[in-house]
Amino acid sequence: MKSGLDSSHKDTSVRVQDDLFRHMNGQWLSTAEIPADRSGDGAFYWLRDEAEQKTREIIEATANTSYPHGSVGQKIGDLYKSYMNEAHAEELGISPIADDLASSLAITKKEEFLALLGRLEYEGLGGLFYGLITTDSGLSLPDESYYREDEYAPIREEFLTHATRMFAIAKIDGGAGHAKRILEVETELASFHWDQVRDRDATLTYNKATFAQLQELSPGLDWGTWNSGAKVPDHVMATTIVRQPSFFTGLGELLNNYENEKWRSWLTWQVLSSASSYLHAELVNENFAFYGTTLSGVPQLKERWKRGVGLVEGSLGEAVGQLYVEKHFPAEAKTRMQQLVKNLIEAYRVDIKTLDWMSPETKIRALEKLDKFTPKIGYPDKWRDYSDLHITPDDLIANLSAISTFTRNFELNKIGKPVDRTEWFMTPQTV
């Protein structure tokens with residue numbers, strides 16, 4: 001009888017009792033090469049590669065098929081086509097974001113800054129924080145330690161060089177000055193951030209606040225102006241959870257002493273950096289050289305089709321999932337798995353009732369918990385409705401803005417309503 005273990009990667013020079021992992025995997029660890037377009041490899045990557053290839057076949061077939069306008073097939077195909085048209089991106093250059101760059105560079109006062117910041121966040125072009133259910137950092141580097149620790153000083157110098165190049169490619173004068181001001185602003189912002197250990201504390205990061213309390217927490221930040229620009233409904237901000245109160249207090253103080261030139265540079269950078277992966281090759285490559293290679297150690301940019309598939313999955317994941325399960329996971333497979341899980345749950349129920357080490361009260365609680373378990377097998381019973389999302393085949397940046405707005409509205413629509421326990425947070429092809 002076969003064990004199911006692959007013994008071809010064993011390193012018999014390592015004794016089992018000394019290091020089981022290296023005994024079983026030593027040969028692979030010594031000889032395997034990580035693909036140049038990612039920072040790791042292993043069995044789960046291989047599973048992902050297999051699903052990615054299947055998904056690519058579905059998406060490319062969809063892009064080469066005519067679908068009724070407004071159908072999920074049309075949206076999947078046209079989004080992929082808008083990304084894959086590299087020649088069109090080269091023709092357009094920086095023009096898709098030229099108006100937003102000009103608006104950022106034309107800011108003269110704090111009220112204009114906050115209003116434009118809100119609008120750009122509404123359109124998905126970066127910002128200080130998200131007005132949804134999470135917060136963003138406003139930082140270009142991974143976390144606050146990169147702005148203060150000596151070991152990251154070379155990274156900070158690399159960032160200055162990177163930002164200067166980006167402004168030059170975008171044909172914006174004074175790139176070195178912009179880069180210097182951006183780093184100054186972000187260093188100040190980083191000083192208000194909690195370290196990663198404190199930020200993982202569920203109690204410390206759960207700070208419920210009314211809108212009035214939020215305003216009091218950050219008096220230099222005119223929330224009304226930002227809300228208006230970001231089109232955030234009043235009821236959404238009626239009660240918020242502030243993960244890091246000190247960040248908003250510090251930000252409020254920073255904006256209370258508003259320095260227009262610094263914030264103008266910073267917002268222009270947000271527009272440029274946020275969109276750079278979707279513009280012409282020179283910007284794409286410079287952005288990857290810093291964020292992909294310098295920060296993450298990945299030597300090679302993924303092929304364009306992989307990036308295109310990733311974009312479609314990230315934007316229309318459940319729509320792609322519908323096509324994926326039709327081909328690779330039929331309804332009868334889901335039914336079989338549902339029965340298997342049902343049997344497992346019943347086995348747990350029987351086992352819990354007969355445990356001799358568990359008190360009667362604890363058994364009641366355990367069974368209550370078991371009853372609340374919601375199995376999610378294969379794919380959702382109800383697919384997400386994408387009818388409000390409009391996609392065209394020839395305007396990638398407009399598509400990205402539409403996707404951002406659609407996703408944002410989908411999330412905001414949850415506020416004040418019961419939690420939908422049937423919602424999936426993974427696509428079927430990811431599972």
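I count a salt bridge when a side-chain nitrogen of Lys or Arg lies within 4 Å of a carboxyl oxygen of Asp or Glu. The model I am looking at is predicted.

**Salt bridges**

I looked up Glu259 and Lys262 under that rule. Their side chains meet in a salt bridge, 3.5 Å from N to O. Glu259 is partly exposed at 40% relative accessibility. Lys262 is buried at 17%, because buried means under 20%. I then traced a network of salt bridges that links Lys180, Glu184, Glu188, Glu259 and Lys262. My total by this rule is 24 salt bridges.

Next I checked Glu261. It forms a salt bridge with Arg181, with the closest N and O atoms 3.6 Å apart. Glu261 sits in helix H13 and Arg181 in helix H8, 80 residues apart. Glu261 is partly exposed at 45%, whereas Arg181 is buried at 18%.

I also looked at Lys334. It pairs with Asp381 in a salt bridge, at 2.9 Å between the closest N and O atoms. Lys334 lies in helix H16 and Asp381 in the loop between helices H17 and H18, so the pair ties together parts 47 residues apart in sequence. Lys334 is buried at 5%, but Asp381 is exposed at 71%.

**Helix packing**

I turned to helices H7 and H13. They pack at about 75 degrees, with axes 11 Å apart. They are therefore roughly perpendicular. I found Phe159 and Met166 among the H7 residues at the contact, and Trp269 and Leu272 among those from H13.

**Surface patch**

Last, I noted a nonpolar surface patch of about 390 Å², made by Met337, Leu340, Leu344 and Tyr348. Leu340 lies in helix H16 and is partly exposed at 41%.

Methods: Residues are numbered from 1 along each chain as its sequence is written. This is a predicted model: local features need pLDDT of at least 70, side-chain atom pairs count only at pLDDT 80 or more; totals for chains, interfaces and linings use all residues. Side-chain values use heavy atoms; hydrogens and water are left out. Patches are made of residues with over 30% relative accessible area and no salt bridge: like charges are joined within 9 Å, nonpolar side chains (Val, Leu, Ile, Met, Phe, Trp, Tyr) within 5 Å. Accessible areas come from the Shrake-Rupley method with a 1.4 Å probe; for residues, only the protein chains shown count as cover. Helices (H or I, at least four residues) and strands (E, at least two) are DSSP runs, numbered from the N terminus. Buried means under 20% relative accessible area, exposed over 50%, partly exposed in between (1.4 Å probe, protein chains only). Axes are lines fitted to C-alpha atoms, for helices over the stretch in contact, and angles run from 0 to 180 degrees between N-to-C directions. Angles under 35 degrees count as roughly parallel, over 145 as roughly antiparallel, 65 to 115 as roughly perpendicular and the rest as oblique. Contact means heavy atoms within 4.5 Å.
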